[in-house]
Amino acid sequence: MRAKRVCRAPLSGSDEAAMEEGDMVIDEEKANLEARTTQAVEELKSALSTQGKGAQKKKIEVLRALRRLLSQSEVPPVEAAIKAGAIPLLVQYLSFGSSDEQLLEAAWCLTNIAAGEPEETKSLLPALPLLIAHLGEKSSTLVAEQCAWAIGNVAGEGADLRSKLLAQGALWPLARLMLSNKGSTARTAAWALSNLIKGPDPKAVNELITIDGVLNAIIRNLEKADEELATEVAWVVVYLSALSEKATSLIVRSSVPQLLIGRLLASENLQLLIPVLRSLGNLVAGDAYMVDSVLTVGNSITDQAVSSLIKCLKSDSRVLKKEASWAMSNIAAGSLEHKKLIFSSEATPLLMHLLATAQFDIRREAAYTLGNLCVVPAGNAAPPNIIVDHLVAIVNGGALPGFINLVRSADIESARLGLQFLELVMRGYPNGQGPQLVEREDGIDAMERFQFHENELMRNMANGLVDKYFGEDYGLE
Amino acid sequence: MQQRPEDAMEEVEAAAGPELGFWLAARRRLAPDDPFFAAGDLERELLAKHLALDLSEDDRNQLEKMEVASTCTVFCPIAGCGAHLGCLEDFEDHYVTRHSASCSVCSRVYPTSRLLSIHVSEAHDSYFQAKVARGFPMYECLVEGCGVKLKSYKSRQQHLIDKHQFPKSFEFFKKARPSQRQRQKSQRRPTAHKGEEARDNSMDVDGKGTRQTNWKYRPKQHDHKESKENERQHQEAKENEMEVEQKIDELTSAVSKLSTADSTPANVTFGHRRSRGLTFVPRSIRQNKQPASQPEAK
């Protein structure tokens, strides 16, 4: 997943923002562009050794020329720049004591080089220590922001580079920048942080949550910040809640859940809704405290949580429907009260509709939810207890074909899910009508597919059900 | 309780025994790099780069499909197939196309053409039965590549169980299970309908035609039921007779009535017949069956 972002425009608040004239240079012939880039890098080199009066001005000029090529071309000539030797030169331009303007331009060039292909991003290795250093509190905010952007691109490349950055101490300064009062700085830092902590190694998230002020900054931003900033902060929460139990435990006991639910209800901005929903989903999945103690049935937060998920189920966005179904399925795995609450809400008809009509991945989540609404776990080896009212309503509402379709699918998990639901129906539907209902929807047909399935467990499961429910006594009065 | 799907699979096995898996209502946690989240991650990047504005609905769907497909590929789970499918939606088409080999004699459907051909030999070929009667090992192992041939149906069955870990309840030949209505009818009129055999055969010709058309498409629910209803009438008389013969002659006489030119259906089948609902054998009948000779009754 391409998590890198090219910096096309000057940062807000910079002088450049006021004077920048350039439109995108499109239709630049590739060969031409490469030649100009090589030329620009040559000039970068010669400007370094220039002494005297106009030297500083010259340096800025050549940097700017390269920067424009890398930011205004539709396809930035990253490869050409690297080949011409831009990186070691830019590292020199980043040296301590350089003017802010120089640092800004050099960091900007590096940002866009880092936004290229994997090998191109990796070529930034020599620049990392300086980029991290310039995140420090002594740097100008703009310089720090630009460096954060470059680091975010590097972190977005892969786990190895993330390790390197963490080892070199990138976490703390970025976290500090996220606390900035300047919106765009906080936002860029949050975005870079989200790339840095996304794992799979949980070390970064575990460290991040211990940094003083981080949780408070998250809370403050979720509550008050504009949607752009709240979006990036929400992504930080996504990774904190997915990878760190320590972080999750702290977060569920804070006001974050309420704030997430509030944002989910209030916003129509898909960019914000996605990470907010996912954070909520991660919290519900990750810590029993969330469903057991925060979302207690009877509290208004719980009603709001269900409403917010219902809102997502109704949306046009496939992502929202899928991830909301997942979150809902985990709440439906809670207590009997939770199941009753969800069952009696608008969620049930919505989920039935999704089970019948949506894309495969959504159907599967809807199936998990509907099934969870029908059972209460019994002891360790015992078959679960069936909530007959729920099961009957769901089956009568037409859910069987959807489950039988899952049985037919090539995905083992879904097929198993479908078979398990059929077991519930055949065991628990009143008056022994379950098997007939299953037969009527070609359920037997679907189960027979497993006779030559390569997975023995599935074969046995399907055969077992058929033997048990469609055996000798089937059909007799 | 939190578990990943793979763990859930094992837990189901441990908790509920290998055959019946029970629904486990438990929280499911997902790692941030789980393919489940791929669509959302893609959406994040598209929106951030303002590309979303320029893409049509179709473009978006294509892009999503590509991203998701690049992370997970689907393989056909039918043993010996291994076909690689682009996405899960393609599987149903693949299954219907590749794993629906239908017998032109009795319309039974098999997941591979090899199994179909084995079925045709064993169920509709009197030459096959003649060789069996003379002691040749004719019953092929059903597992592709094994190559073993056994002298009887039962010994082949045992071989599958012993060498290839097939479940004990597995039956290549399953007797068609008559519906409740037919059972009641046969109980009321126990005498054989042998006289109707000629009529049955002529009906068969018609029946065969209808049935053959039926299997080609995945029938919609209502079409399916219509054709089922039509056929029920055709088949009823035949099946009464069939059932009675089973009781009287058991299996041996059936063999001599078969020939490849015969268009009467086998009522003993593996796999489903799209034109009928039930093809399951009561356990007791299966266990009592003597499969040394063909379990066909006409």
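**Ground rules**

I am reading a predicted model, where local features need pLDDT of at least 70, side-chain atom pairs count only at pLDDT 80 or more, and totals for chains, interfaces and linings use all residues. Residues are numbered from 1 along each chain as its sequence is written, chains are lettered from A and ligands numbered from 1 in the order in which they are written, and side-chain values use heavy atoms, with hydrogens and water left out.

**Entry: chain A as a whole**

I started with the secondary structure, and chain A has 30 helices and two strands. Here helices (H or I, at least four residues) and strands (E, at least two) are DSSP runs, numbered from the N terminus. I noted that the C-alpha trace of chain A spans about 105 × 50 × 35 Å along its principal axes.

Next came burial. Chain A has 477 residues, and 61% of them count as buried. Buried means under 20% relative accessible area, exposed means over 50%, and partly exposed lies in between (1.4 Å probe, protein chains only). The accessible surface of chain A is about 18000 Å², with 50% belonging to carbon and sulfur atoms. Such areas come from the Shrake-Rupley method with a 1.4 Å probe, and for residues only the protein chains shown count as cover.

I also checked contacts, meaning heavy atoms within 4.5 Å. Of the contacts in chain A between residues at least 6 apart in sequence, 72% join residues at least 24 apart.

**Entry: chain B as a whole**

Chain B contains twelve helices and ten strands. Its 298 residues are 51% buried.

Is helix H2 of chain B enclosed or open? Eleven of the eleven residues of this helix (residues 38–48) are buried, so helix H2 is largely enclosed by the rest of the structure. The buried residues of H2(B) include B:Asp41, B:Glu43, B:Arg44 and B:Glu45.

**Entry: salt bridges, one by one**

A reminder to myself: side chains of opposite charge can pair when their charged atoms come close.

I looked at A:Glu157 and A:Lys4, whose side chains meet in a salt bridge (2.6 Å, N to O). A:Glu157 sits in the loop between helix H9 (141–155) and helix H10 (159–167) of chain A, and A:Lys4 sits in the segment before helix H1 (15–19), so the pair ties together parts that are 153 residues apart in sequence. A:Glu157 is partly exposed at 22% relative accessibility, while A:Lys4 is buried at 5%.

Then I turned to A:Arg364. Its side chain meets that of A:Asp411 in a salt bridge (2.6 Å, N to O). A:Arg364 belongs to helix H24 (residues 360–372) and A:Asp411 to the loop between helix H26 (400–408) and helix H27 (412–428), so this pair links parts that are 47 residues apart in sequence. A:Arg364 is buried, with a relative accessible area of 16%, and A:Asp411 counts as buried at 19%.

A:Arg364 also forms a salt bridge with A:Glu413, with the closest N and O atoms 3.5 Å apart. A:Glu413 lies in helix H27 and A:Arg364 in helix H24, so the pair ties together parts 49 residues apart in sequence. I found A:Glu413 buried as well, at 14% relative accessibility.

Elsewhere, salt bridges that share partners join A:Arg5, A:Glu232, B:Arg44 and B:Glu45 into one network.

A:Ser241 lies in helix H15 (residues 227–243) of chain A and is buried at 1% relative accessibility. A polar atom of its side chain lies 2.8 Å from the backbone oxygen of A:Val237.

A:Ser293 is in helix H19 (residues 288–294) of chain A, and at 36% relative accessibility A:Ser293 counts as partly exposed. I noted that its C-alpha atom is separated by 37 Å from that of A:Met458, 165 residues apart along the chain.

Conventions
Polar contact = N/O pair within 3.5 Å; in protein donor to acceptor, adjacent residues only side chain to side chain. Salt bridge = Lys/Arg side-chain N within 4 Å of Asp/Glu carboxyl O.
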